[in-house]
Amino acid sequence: MTAEIKTGEKMIVFMVNGKEYAISVTQVKSIEKWQKPTRVPGVEPYICGVINLRGVVTPVIDLRKRLNLPEYEITDETRIIIIAYRDIEVGWIVDEANDVITVHESEIESAPEGVQKDTDVSIEQIVKQENRLLNIIDANAVLDKESSQSAVPDQA
Amino acid sequence: MELTINTEKETADILDAFIKVAPYLNSLVQDDITIGIYDTEKLLVNIPAKTFSLNVKAGDPLQEGDIITDAIRSNQKKTSMVPKELFGFPLIARAIPLHDENGRVIGGVGLGTSLEESSKLHDVAESLSAVVEQTAAAISDISESINGFSTQMSGISSQAKKVSESAGEIADISVTVKGISDQSNLLGLNAAIEAARAGESGKGFSVVADEIRKLATHSKENVGQIDQITKKIHSLLKGLEESIESINQHTDGQAAAVEQISATMQEISGSAQHLAKMAEKALEEE
């Protein structure tokens, strides 16, 4: 289910609840400062609403809620990562996003069992760089509930 | 006082009577006195005082200008001050004429009293008064200096406040600079995303994006340092203000104490002046 990481691939690093996550730059369109989303009725609780991003109405997901993490107040560091997912764009609210790393194939490892077990968003791989451990999060795992739960049989 | 009384019966013998009595008088009076008894021409007897004696001897004729001479010739009682330049101590001299039963002047008695003790008292009182005045002046100098000090301290206090305001301005600016560095970092991130999306042709641009992010990180670190320094300045200024406050309390206490001393000195000065006046008056009344 996760996109294959090529050597020299750039990844955006962001923080949620004190943990560092990495997402392939190919799945990211841009990073924006936080702006208050307009609520939309009748959607999943982790969908905060929509923002108007330079004329494009973009739905926004609270990644903390999506990962079953405690709520956190909005700060100067809060960012919305705009994910290009299939044909639509979706914003993820994260605590911080201020780094880009270049990842090599040798640094990718399979995530140990039990990582992120509080949520249905599965973390399949991690990046190991010196003292740093980053969970590789995949846009599909977050956005496609069905596929994340039945990812392995589907892809296999 | 008895010396001025002429009894009618014994006038002829009054000179003899004085001659007999004179040696005892010094023991009876408080002051140290010398007595001279004269007839109309010369000194008959001179009784010296305990601490001094006039340079005269029996048989010396009446001297022009002596008050005893004046008293006998003018038939009037005379008093005069002899300044201390003459004998080394001030002297008050009194002289009275003596008469026979017909009222004729037959001689006179002169009495010299040393004013040394009173004079000393007067001198001490005057010098005390002078010392007290000097002290009062010195205290008033201290009081002025404390006031000046207090004014300077409030000047320092207001300058410290200005420094604090300037540090606050720096803090405001550093907030702006931090905002700019955040914005630059975001710009760098988005540039890196764009460069990655452009693939091979975006490689050069990705270097630029990295540099922008480095600059942003660098300026953010510096802003952090500026923040720490301004915080340090603020805490130092707070310490300074506390010190100034405690100095102000001390000077207030000093000012109050000096005021109290000043009031006491004024009282002492009044007493010293009073004492000097009393001593002077005592001297004049002799």
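I count a contact when heavy atoms lie within 4.5 Å. Helices (H or I, at least four residues) and strands (E, at least two) are DSSP runs, numbered from the N terminus.

**Ground rules.** This is a predicted model, in which local features need pLDDT of at least 70 and side-chain atom pairs count only at pLDDT 80 or more, while totals for chains, interfaces and linings use all residues. Residues are numbered from 1 along each chain as its sequence is written, chains are lettered from A and ligands numbered from 1 in the order in which they are written, and side-chain values use heavy atoms, with hydrogens and water left out.

**Entry: helix H2 of chain B.** I call a residue buried under 20% relative accessible area, exposed over 50% and partly exposed in between (1.4 Å probe, protein chains only). On H2(B) I found Ile67(B), Ile68(B), Thr69(B), Ala71(B) and Ile72(B) buried. S1, S3, S4 and S5 of chain B are among the elements covering them. Just past the helix, Asn75(B) has a positive phi of about 55°.

Entry: What volume does the second largest pocket have? I read about 500 Å³. A pocket here is an open set of points on a 1 Å grid over the protein atoms alone, with protein on both sides within 12 Å along at least five of seven lines; lining residues have an atom within 4 Å of a point. Grid points are joined across faces, edges and corners, and the volume is the space filled by probe spheres set on the points. The lining has 27 residues, and Tyr38(B), Leu54(B), Asp66(B), Ile68(B) and Ala93(B) lie nearest the centre. Elements giving two or more residues include H2 (67-74), S4 (91-99) and S5 (105-114) of chain B. S1(B) gives the most, four residues.

**Entry: Ser114(B).** I located Ser114(B) in strand S5 of chain B. Ser114(B) counts as buried because its relative accessibility is 12%. Beyond neighbours within four places in sequence, Ser114(B) contacts Asp32(B), Phe52(B), Phe89(B), Pro90(B) and Leu91(B).

**Entry: salt bridges.** My rule is a side-chain nitrogen of Lys or Arg within 4 Å of a carboxyl oxygen of Asp or Glu. That gives 18 salt bridges over all chains.

- Arg64(A) and Asp95(A) pair at 2.7 Å, N to O. Arg64(A) sits in helix H1 (residues 63-66) and Asp95(A) in the loop between S7 (88-94) and S8 (96-103) of chain A, 31 residues apart. Both residues are buried.
- Lys220(B) and Glu77(A) have their closest N and O atoms 3.7 Å apart. This pair joins two chains, because Lys220(B) is in helix H5 (residues 203-285) of chain B and Glu77(A) in the loop between H1 and S6 (79-85) of chain A. Lys220(B) is partly exposed at 30%, whereas Glu77(A) is buried at 17%.
- Arg104(B) and Asp100(B) pair at 3.4 Å, N to O. Is Arg104(B) buried or exposed? Arg104(B) is exposed at 55%, but Asp100(B) is buried at 12%.
- Glu20(A), Asp99(A), Arg132(A), Asp210(B) and Arg213(B) form a network of salt bridges.

**Entry: chain A overall.** I noted four helices and 11 strands in chain A. Of its 156 residues, 47% count as buried. Among contacts in chain A with a separation of 6 or more, 57% come from residues 24 or more positions apart.

Conventions. On a 1 Å grid over the protein atoms alone, a cavity is a set of points where a 1.4 Å probe fits but cannot get out, and a pocket is an open set with protein on both sides within 12 Å along at least five of seven lines; lining residues have an atom within 4 Å of a point.
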